[in-house]
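Please read them alongside the sequence and coordinates.

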Amino acid sequence: MAMIRENLVPCTTGKVRPHQTQNEALVFEKSSPGKRAYKLPPLDVPAIDAAALLGAAHRTTPGELPELSEIEIIRHFTRLSTWNYAIDLGMYPLGSCTMKYNPRVNEAVARIEGLAEAHPYRPDSLAQGILEVIDLLQRCLLEITGMDAITLQPAAGAHGEFTGILLVRAWHESRGNARRKVLIPDSAHGTNPATAAICGYTVENLKSNAEGGIDLEALTRQVDEETAALMLTNPSTIGVFESQIHKIADILHAKGALLYMDGANMNALVGKARPGDFGVDVMHLNLHKTFSTPHGGGGPGSGPVACKAFLEPFLPIPVLVRNAEPLPAQTLGAPSFPRSSAERMGDGDPQPVGAPDPDSGTWDGSKTQLTWSYDRPQSIGRVRAFYGNVGMFIRALAYILANGPDGLRQTTEDAVLNANYIRSKLEDLYELPYKTASMHEVVFSDKRQAARGVKTGEIAKRLIDYGFHPYTVSFPMIVHGALMIEPTESESLEELDLFIAAMRSIAREVDETPELVKSAPHSTRVSKLDEVQAARKPILRWRPA
Ligand SMILES: Cc1ncc(COP(=O)(O)O)c(C=O)c1O
């Protein structure tokens, strides 16, 4: 068995190895009666009669929970965690998802007690520190995008699109006609048409030209007085920058339509080009892609929406405003966070910024500098509870400040360089359908390998045996059999070379031993899954036999 495995599983130095254990029983199967992970001291208060207290809600039979010792539980979950692939283990080239490394310093900052524990119900006067964090992030993002106003409320990219298109709709409505349709190129992210439809618009498809960009003549024909907006993913899902974007903006504006930019791929533009300067009216960002907050696993995201001044009155409430009259100098001083050691010890309530009024002894809330404004008659309303995923704001701001303007520009350049390095090292073996210069990601097709009976999904599965997370498979739709690879700037030359070596080796295997690729992965606990069965009939719950 070991020998067979040797042949099936390539030996690449430094790469992620197969799991620690291949045979981990379920926690229920490991259970044996009476085992405990804890022990309570003898009762030192009078016992109560739970049945009398709870009445009908009292349960007479205990729930079927596994019984294990602490070390068994720790080992079980630690071993399970080794079955996961993670950016902390190796390269995660999942195109379109920008699985970049989240620097540890971001986590450290987000865990600062005063920031992590800031409660959304805390009055503005007691929350000036966290409000300054939010305000500074807003100003940084406006500087980066070249836009005029912003909301951080949306919880993800698609939610940002929804918010942005609602702004478009509200603006058109304020002029008497919401209009009927939204134009979307075939190279857009899949969430774009869904967004337009959910905002009540008819989606009209725009065909890309041979370079993967917008055909200006077709656009001119399709834009009319019923067009509310064009939603443009830029750079597009094939990693191509829309170099005619200023002309596109002019064509739309001439008919009173707006240009929405899906800015989730801003990691290819930050520090180099600003959407506000090339005609974009409204856009969203994915903090969980571009600004390195953790991505994936269903964790919180953040999709801020930035817009031009004329859309600002429609932004969701509340909007953060800085009082025209600044606080007197002596009350500004220390930020409200982190809290004093006395507060941390539970000795007294948290204190507001600065000192209370010496005469009345009370805090004058009207002098608070940053406040949430709800007085916005044209607002589209709230799109989320409270103010958005604040923990993501802190991580993004830490990342922006740690890099600084030059660092952010370098990051963009490195992301583009890494994608183009992979492109140049693989284009002799994998088909490149669009020859236009790549930005942050490169999209090949499986045309040559498919001619030998091996598809993109099978190549991706074989990549697992080489210790890499698969690239994005079969997306974007305009590339048949797509291999969408986004290395991000996080990867070193050594890691990129290992990935390239793996992809070249797989291309060779497709020629010499195609069955080896088609039956991959060989190194995982379970081999090739029936994907349809797994998606349609997942077994997610343990039930007693
Ligand atoms: C270009 C683009 N637009 C929109 C989205 C949607 O973002 P989210 O998954 O946060 O909703 C993504 C997600 O990766 C994206 O890549």
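**Ligand shell and sheet**

1. Helix α8 gives the shell around the ligand its largest share, three residues; helices here are DSSP runs of H or I of at least four residues and strands are runs of E of at least two, both numbered from the N terminus. This is a predicted model, in which local features need pLDDT of at least 70 and side-chain atom pairs count only at pLDDT 80 or more, while totals for chains, interfaces and linings use all residues. Residues are numbered from 1 along each chain as its sequence is written, and side-chain values use heavy atoms, with hydrogens and water left out.

2. Both α8 (157–174) and α12 (287–290) supply at least two residues of that shell. Among the 14 residues around the ligand, those that come nearest are Gly157, Ala158, Asp262, His288 and Lys289, a residue being near if one of its heavy atoms lies within 4 Å of the molecule.

3. Polar contacts are pairs of N or O atoms within 3.5 Å; within protein, one atom must be able to donate a hydrogen and the other to accept it, and residues adjacent in sequence count only if both atoms are side-chain atoms. A ligand nitrogen atom is 2.6 Å from a side-chain N or O atom of aspartate 262, and a ligand oxygen atom lies 3.1 Å from a polar side-chain atom of asparagine 286.

4. Three strands form an open, antiparallel sheet in the order β10-β12-β11, where pairing requires at least two DSSP bridges between two strands. Because β10 (442–445) and β11 (472–473) stand at the edges with a single partner strand each, one side of each is left without a neighbour in the sheet. Strands β10 and β12 (residues 482–485) pair over four bridges in the antiparallel sense, and valine 442 has isoleucine 485 as its bridge partner in β12.
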